[in-house]
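This briefing sets out the packing, side-chain pairings and surface features of one protein chain. The sequence and the structure come first, followed by the points grouped by topic.

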Amino acid sequence: MKKTSAFLLAGALLLTGCSSRSVSQSPSESTGTPESTETAERKEDVVLTLALAYCDDNGFVNGTGRSPLELIDRFNAEDNGVHIEIKSFWDGRDESGQAVGMTDEIQKQIDFQVTQELINKDTIDIVGTFSFGNGAKFEIFKRKGGFVDLYKFMEDDPEVNRDTLNPHILGLCERDGKLYSMPTYYSVHTMIGESQYVGTTRNWTIDEFIDRWNVMPEGSMVNHTVTAEDIWYDVLRANDTAFIDYRNCEVHFDHPDFRKMLEFCKGFTSNMGQKQDDDINYQRPNLVEQYTIRGYNNAIYEDIDYARNTVDYPHLRDGKLTLVGFPSSDRSGAFISGVGMGGLAIRANISEEKQEAAWKFIREFYREEYQLEKFAYADEYTNYENGKPAKYWNFLNGFPINNAARRQTAERFMSGYYDNENFELSVGREPLEVLSENRIDQADCDYIDEYINSVDRWEYSDIDRELFWIVEEEVLAYLMGGQDIDKTIDLIQNRASIWISEQA
């Protein structure tokens, strides 16, 4: 893993990239020339700073997958008395100007800088999971009361309030009845399997998961693999948060179910700590696989049979497939992930005027028009094989948290609005034979709504990165044969207990 010295980073991290949208000196400060009309007018606005851990040359923001800068530009162009500036803490380059990935060293330095400014300075007004290299740091500030309760702004807002937003998602985001942040969109991560293998009951326990595996046909796979590390990474690691109690600052990795998870993985061949992403075999029987529900279209499973060159579209509600979730002792199963902008929060220790101005801005992300606009976009092109116009829909984020926007996406799926045009699945240039129609109805939408409302666990990746690596280091050492199960559990429990107690 690449390391970069803290000395070199200190001068490189506090960058203000993202083009003209960043915090910068005014012309009068930098050149001594008279202020422009635009600068003079801006003095009448309430100026707010949005913190971004990372913003590259194209304006794409760490952890969001999409850029918020278009909305910021539109908002700033309006005569609304508020102006948003961006403070980016990294531009995706090293000290020599070369584009690089975010190393642990860079991430820690970003988090240190953002934390210091939130604690000691008044230079940041709006933050989110995207403001940190490690989004879990955002959760720490939330737990310590660093943000404003958004419900107080919703009371008098006719468009963005408890009635217009998904109540289940709001409830999962609450802390002691207060709402400090909420995602713009959300998706559900779960596991899916053929009912003949996994049964028809949702949300199995770890014992049931193991029992089902023990009666699978010879040569079967778990998530299309039989490698210990792959099964740990993709099937069982999601349950780490079940053994972490952030509220009481305790960990319980000495729980019997954690031992069962590790011992199950140990029964497979180790790849010496590495995943084998190219080791996927779709021909052998498979117990379960990961399944992400990003929209109502995922009520239909795309079942491609490469051996027969066919594609089928079974409906989840028909019973051929079961959403069993990730195996966990409390049957919590699946988890919900905040996507899009992830979470937006207003800093608590700023003036009431700034808080009101901040809400005027962030509410724009939750309005029906914006949420529907950013749910999907169509690539329109010419099909090179037949020369005809073609369209392919890309679904960007997940379900809109705005109820009206979400219902509108359902109606569009059912009406065929989101259908691809002049596009067909193929292997090479050989098109697949389609065995059933790929179209949802209201019953499919109701099935998905009911399933999502049954999920009450938030995204596992919110686990603090340092704690995550403590667990990962010891688990991989065990899977590679470097230590026995007792030593592994003792080390994880002791190291994690020390770490979490320091966070109190």
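D444 and R317 form a salt bridge, with their closest N and O atoms 2.8 Å apart; a salt bridge here is a side-chain nitrogen of Lys or Arg within 4 Å of a carboxyl oxygen of Asp or Glu. The pair links distant parts of the chain, 127 residues apart, since D444 is in helix 16 (residues 442–454) and R317 is in the loop between strand 9 and strand 10 (321–323). The model is predicted: local features need pLDDT of at least 70, side-chain atom pairs count only at pLDDT 80 or more, and totals for chains, interfaces and linings use all residues. Residues are numbered from 1 along each chain as its sequence is written, and side-chain values use heavy atoms, with hydrogens and water left out.

**Overall architecture**

- The chain has 18 helices and 18 strands, taken as DSSP runs numbered from the N terminus (helices H or I, at least four residues; strands E, at least two).
- Of its 504 residues, 51% count as buried, where buried means under 20% relative accessible area, exposed over 50% and partly exposed in between (1.4 Å probe, protein chains only).
- Among contacts between residues at least 6 apart in sequence, 77% join residues at least 24 apart; a contact means heavy atoms within 4.5 Å.
- The accessible surface comes to about 23,500 Å², and 45% of this belongs to carbon and sulfur atoms; such areas come from the Shrake-Rupley method with a 1.4 Å probe, and for residues only the protein chains shown count as cover.

**Salt bridges**

- The count comes to 31 salt bridges.
- R237 and E472 form a salt bridge with the closest N and O atoms 2.7 Å apart.
- R237 lies in the loop between helix 11 (228–236) and strand 5 (244–245) and E472 in helix 17, so this bridge ties together parts that are 235 residues apart in sequence.
- Relative accessibility is 13% for R237, which counts as buried, and 1% for E472, which is also buried.
- E473 and R495 meet in a salt bridge at 3.5 Å, N to O.
- Because E473 lies in helix 17 and R495 in helix 18 (residues 485–503), the pair ties together parts 22 residues apart in sequence.
- E473 is partly exposed at 48% relative accessibility, and R495 is partly exposed at 29%.
- Salt bridges with shared partners join D157, E159, R363, E364, R367 and E369 into one network.

**Aromatic pairs and charges over rings**

- The structure holds 30 aromatic pairs; rings of Phe, Tyr and Trp (its six-membered ring) pair if their centres lie within 6.5 Å, with planes under 30 degrees apart counted as stacked, over 60 as edge-to-face and the rest as tilted.
- The ring centres of F75 and F361 are 5.2 Å apart and the planes stand at 65°, so this pair is edge-to-face.
- F75 lies in helix 4 (residues 69–77) and F361 in helix 13 (residues 352–362), so the pair ties together parts 286 residues apart in sequence.
- F75 is buried at 3% relative accessibility, as is F361 at 0%.
- F375 and F395 form a tilted pair, 5.7 Å centre to centre with 50° between the planes.
- Ring pairs link F375, W393, F395, F413, Y417 and Y418 into a cluster.
- R412 lies over the face of Y417, at 4.2 Å from the ring centre; for such a placement, NZ of Lys or CZ of Arg is within 6 Å of the ring centre and within 35 degrees of the ring normal.
- K266 lies over the face of Y478, at 5.2 Å from the ring centre.

- The buried residues of helix 13 are Q355, A357, A358, W359, F361 and I362.
- These residues pack against strand 1 (46–52), helix 4, strand 2 (82–88), strand 3 (126–128), helix 7 (151–154) and strand 12 (344–346).
- L476 lies in helix 17 (residues 465–479) and is buried, with a relative accessible area of 14%.
- Leaving aside neighbours within four places in sequence, L476 is in contact with E229, Y233 and G273.
- L476 and E229 are 247 residues apart in sequence and 7.4 Å apart in space, C-alpha to C-alpha.

**Backbone**

- D176, a residue other than glycine, has a positive phi near 55° and lies in the loop between helix 8 (167–173) and strand 4 (185–194).
- D176 is exposed, with a relative accessible area of 70%.
- N309 also has a positive phi, of about 60°, and lies in the loop between strand 8 (303–305) and strand 9 (310–312).
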